[in-house]
Each structure stands twice: as structure tokens, then as C-alpha cells.
Amino acid sequence: MAAAEVEAAHAQHTVIPSARTAAAMVHTSAKAVIALNEEITTINALIEARFREHEHTETITSMPGIGTLLSAEFIACTGGDLDTLGSSRRLSGIARLAPVLKDSEHVSGNMRRPRRYHHRLLRVFHLSTQVAARCRPVSKAFYDRKRGEGRSHKQAVLTFARRRLDVLWALMRDHPTFTTPKRSRSGVTRSPTATHALDEPDWESLITTGRQHYK
């Protein structure tokens, strides 16, 4: 767009009062935008290069919907150290994807959404979940099912994000990468070359594996 503005300014033939001044202002603004875009591209390349050095690079980026920049932001927010985070339940509370215990002297077992949470971490899971729900049929089916249960858009996204966090936790702990197994409608796993296979990940087994860490 900035390059188009510069070209349009040079191609202007009709002369009106203050046209030269306006063209100079447009030219200057467009050059500033172009320079800013180049700076952003350079910074993104530096972030990606630094992120590629982390041990969980391939694991995190294998999750659908999480690109390089969101993965790097996740590492920046958490440090990528599971021992420091403790459990996926605690991480969900930090990201405000799960309620936390808020007992008082007279009330016990009181679960509430935390008022203090990591906004950037919530942003990582919120954005990546929406991307996955929009681009992957299986993820969209899960989202649509939650909407069909009467949940709002925000509630459906947060529910899906909570499950995805459990899966990501299990992947980072066991160091595999996210794959999509082929399953038949009867639930029997087929070979990748089998016909009529459903492109559906085994969410329940992945989530169960992730939750075993803090049970």
C-alpha cells in the first residue's frame, strides 16, 4: 500500500493548489511506513531465529493454529520450563482458562475465574484457538458442538483453548510432535493409506495423557 501511494504521488499530473506540499507529505509518510515494515520484518526474523534455538520449537509449532510468533510469545511468557510451571492446571489458571480456588474463612471449594492473570498468555491461546477453529475441520466441529450446547462464542473458544493447553502440555512433557492419526468411524485406527479414513485427532487420549501429570 505504501509503495502504491508513492507511485500514485509520482504519477499525479493535475496541478492544484498545495499539490506539491500534499505529495511531499504523502511521499514522506509512505517512506516511513515502508521503513517501519522493513524494521518489523527484521525483528520478526530475529525473534524466529532465537525461538528456533529452544528445545520445544518443533513440539510447539506442530500444534495447529500456533505459528512461530505466537510460539515465541508463549516461550517468552512461560520460559518453556514445565518444572517451573508445576502443572497444566496451574498454567490454565495463570492464563485464565480455568477457575482457581478462592476459599475464605467461611466458604470452601469456591472456584472463580482469576482477576489477575497473564494477558499475553491468554492472547496466545485465544488467537491460536480461533485460527485452528477457522482453518481445521475437526477443530471447527468441536467449536460448533460447544455452540450447539448453548455456549457463547467466548465460552466455546475458552473451552477449546483449555483442552488445547492440556494437549500442548503433554506434548512438551513427552517431546513428541502433534500428529493427526487416521481413525475410522468405528474408532479403529487405520493406516494412512486406508480409504475413508477420518482426519480426526484422538483428543481424549492426548488430554488424558496431559492430565496424568497432576492427578
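Ser139, Phe142, Tyr143, Lys146 and Arg147 of helix α8 are in contact (heavy atoms within 4.5 Å) with His153, Ala156, Val157, Thr159, Phe160 and Arg163 of helix α9. By class, this contact of α8 with α9 comprises five nonpolar, three polar and three charged residues, where Ala, Val, Leu, Ile, Met, Phe, Trp, Tyr, Cys and Pro count as nonpolar, Asp, Glu, Lys and Arg as charged, and the others, Gly among them, as polar. The model is predicted, and local features require pLDDT of at least 70, side-chain atom pairs count only at pLDDT 80 or more, and totals for chains, interfaces and linings use all residues. Residues are numbered from 1 along each chain as its sequence is written, and side-chain values use heavy atoms, with hydrogens and water left out.

Helices are DSSP runs (H or I, at least four residues) numbered from the N terminus. The axes of α8 (residues 137-148) and α9 (residues 153-174) come within 9 Å and cross at roughly 130°, which makes α8 oblique to α9. Axes are lines fitted to C-alpha atoms, for helices over the stretch in contact, and angles run from 0 to 180 degrees between N-to-C directions. Angles under 35 degrees count as roughly parallel, over 145 as roughly antiparallel, 65 to 115 as roughly perpendicular and the rest as oblique. The crossing of α8 with α9 is right-handed; a crossing is left-handed if the near helix is turned anticlockwise from the far one by less than a right angle, and right-handed if clockwise. Just after α9, histidine 175 adopts a positive phi of about 65°.

Helix α2 (residues 19-51) packs against helix α4 (residues 68-78) at an angle of about 60°, with the axes 10 Å apart. The two helices are therefore oblique to each other, and α2 passes α4 in a left-handed crossing. Asn44, Ile47, Glu48 and Phe51 of α2 make the contact with Thr68, Leu69, Ser71, Ala72 and Ile75 of α4.

Helix α4 also meets α7: Leu70, Glu73, Phe74, Ala76, Cys77 and Thr78 of α4 contact Arg120, Leu121, Arg123, Val124, Phe125, Leu127 and Ser128 of α7. These residues divide into eight nonpolar, two polar and three charged. The axes of α4 and α7 come within 9 Å and cross at roughly 150°; the helices are therefore roughly antiparallel to each other.

The structure holds two aromatic pairs. The ring centres of phenylalanine 74 and phenylalanine 125 lie 5.9 Å apart with planes at 90°, so this pair is edge-to-face. Rings of Phe, Tyr and Trp (its six-membered ring) pair if their centres lie within 6.5 Å; planes under 30 degrees apart count as stacked, over 60 as edge-to-face and the rest as tilted.
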